[in-house]
Amino acid sequence: MNILPVTEADLHAYVDGRLPPARRAEVEAYLAARPEEATRIQAYASQNDGLHALFDAVLDEPVPLRMAAPTRRRSSWRDGWQWSLAAGLAIALISGGAGWGLRGAADHDLRLAQSDMSLAYPQQAASGLAHQAAVAHVVYSPEVRRPVEVGADQEDQLVAWLSKRLGSKIHPPRLGKLGYELIGGRLLPGASGPVAQFMYHDSAGQRLTLYVSTEQAHNKDTGFRFAKEGPVNVFYWIDGKFGYALSAGIDKGQLARVASAVYEQLEGPV
């Protein structure tokens, strides 16, 4: 019996648990013979788990009062809002593994995910930075082949590019003494303009990301704060127009030590 070639669609269906048993067994045999592909697919599965942990509970949230329609239409508003959120999540899950060729679509879907979170939690505007950073971390940190747009081997070009796009000089902190080395960075869509994400990893492959926004001039909440977003821990703070959020799947104490080092390096004008 001839076995059909395993396609990218098969791999994504495998990650989503949508293959019939016979085809699933064929895909598992395919992956067993290709360790690099198996690692990539495991990263997509971890990404799915992280996104579900972040967003699944939102589907059970009550409709925000400011979105509630008159009583006779409230049910349809609720259904529409939940459908929109579910659609945004579904698109984000798919786009997370779509690769470089779909970067524009992935950025659009990241906007959808962030927008849906702001609708779900309008009362938590002060922690919007933490939400956005956690979403970006979950979407990009599991990537195996292209976790960043520009690598650390081109750090000068990375800094010049991100600084130009954000309209302010920014630079990645040095975290080598804490065991984390820069992988590189990427440009992401923010609420009203671009933001930057720097990514680091340690010798065990644990990744953390620093999310840098220049959209915080209106935010007077400048304290050093902690948030837990599903599986992601986040320390975040405001410094003038800059907003910084450090995200990782490590425990709060470990992340606090790294965040303190980042804060010390970035405190004041950069």
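Helices are taken here as DSSP runs of at least four residues, numbered from the N terminus. On that basis, Glu28 and Arg24 both belong to helix H2, where a spacing of four residues separates them by about one helical turn. The model examined is a predicted one.

Seven salt bridges are present in the structure. One of them joins Glu28 to Arg24, with 3.3 Å between the closest N and O atoms. Both partners are partly exposed: the relative accessible area is 36% for Glu28 and 31% for Arg24.

Helix H2, which spans residues 21-32, also contains Glu26 and Arg23, three residues apart and thus separated by about one turn of the helix. These two side chains form a salt bridge in which the closest N and O atoms lie 2.6 Å apart. Arg23 is classed as buried because its relative accessible area of 12% falls under the 20% cut-off. Glu26, at 23%, is partly exposed.

A further salt bridge connects Glu155 with Arg174, at an N to O distance of 2.9 Å. This pair links distant parts of the chain, 19 residues apart: Glu155 lies in helix H7 (residues 155-166), whereas Arg174 is located in the loop between H7 and strand S2 (181-189). The two partners also fall into separate accessibility classes, Glu155 being buried with a relative accessible area of 17% and Arg174 being exposed with 57%.

Key: Residues numbered from 1 in each chain as written. Predicted model: local features only at pLDDT ≥ 70, side-chain atom pairs only at ≥ 80, totals over all residues. Heavy atoms only, no water. Salt bridge = Lys/Arg side-chain N within 4 Å of Asp/Glu carboxyl O. Helix = DSSP H or I, 4+ residues; strand = E, 2+ residues; numbered from the N terminus. Buried < 20%, exposed > 50% of the residue type's maximum accessible area, 1.4 Å probe, protein only.
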